[in-house]
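Q: I would like to learn how to read the surroundings of a ligand and the charged pairs in a model, so could you take me through them one at a time?

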Amino acid sequence: MAKLIVANWKSHKNLEEAKKWLALYQGSPAVQKLLTTEVVIAPPFQYLQLVSESIRALLQTRVAVQDISPFPPGAYTGEVAASTLNGLDVWYAILGHSERRKYFQETSQQVANKVDQAVQSGINPIVCVDKDYIRTQAAAIAPEHLDKCIVAYEPLEAIGSGHDEPTDKVAEVVAEIHKVFGKVPVLYGGSVNDENIVEYLDVTDGVIIGTHSLDIADFLNIIRIVVENNHKK
Ligand code: PGA
């Protein structure tokens, strides 16, 4: 699997800002040079179609949602059911992000139900965990879906704080996740930037970037560094 760089826009950007970001992304020489790395753009739901259409011609860029409903399609006002995303080229779903657990009281069981819905709709689940609930989260997920998960290790204190976790610690947690989930791809998220990304990509299968994905110049600088580093190898 290619290394993933997930740009999590969270609940940011109006339409004009989203269009500007995408125009500069599409035109970037660094993006054209992506070979062994895949960029995954995770916009708010309202921009899914816009993002999917904007990146269709780009080889190494895909789309993720930041959440999905734990329910199938039906009478669940306000929810976005996984199967209703068919046709929008949604490849991944970020599930159980710590902000959803904190502000929306999402439980590991609800996250496991979301994993079911994603897998049934052919969407790859990216399940976010912190150290204390790796086992609880894995235990809630249907055993036959465990090896379909991509797991994102996101230490709470590192998210949006500028306090990135030392890579040796991250490597230890990656090993623990492998023990519990099996040999699944593991990402790291939490204050990833242009100075630390290369180190994180050495010990993981990819990263989730929040803050430094919002400004396109900042994000393209990160992509450029990853591309240059790949060429050196
Ligand atoms: P951050 O967010 O890059 O702003 O720390 C990462 C995340 O929440 O996935």
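A: A polar contact is a pair of N or O atoms within 3.5 Å, and here a polar side-chain atom of His 97 lies 2.7 Å from an oxygen atom of the ligand. A polar side-chain atom of Glu 154 also lies 2.7 Å from a ligand oxygen, while a polar backbone atom of Gly 210 is 2.8 Å from an oxygen atom of the ligand. This is a predicted model, in which local features need pLDDT of at least 70, side-chain atom pairs count only at pLDDT 80 or more, and totals for chains, interfaces and linings use all residues. Residues are numbered from 1 along each chain as its sequence is written, and side-chain values use heavy atoms, with hydrogens and water left out.

Q: How many residues surround the ligand, and which are the closest?

A: Counting a residue as near if one of its heavy atoms lies within 4 Å, 13 residues surround the ligand, the closest being Lys 10, His 97, Glu 154, Gly 160 and Thr 211.

Q: Which residues form a salt bridge with the closest N and O atoms 2.7 Å apart?

A: Side chains of opposite charge can pair when their charged atoms come close. With a salt bridge taken as a side-chain nitrogen of Lys or Arg within 4 Å of a carboxyl oxygen of Asp or Glu, Lys 114 forms one with Asp 67 at that distance.

How values were computed:
Polar contact = N/O pair within 3.5 Å; in protein donor to acceptor, adjacent residues only side chain to side chain.
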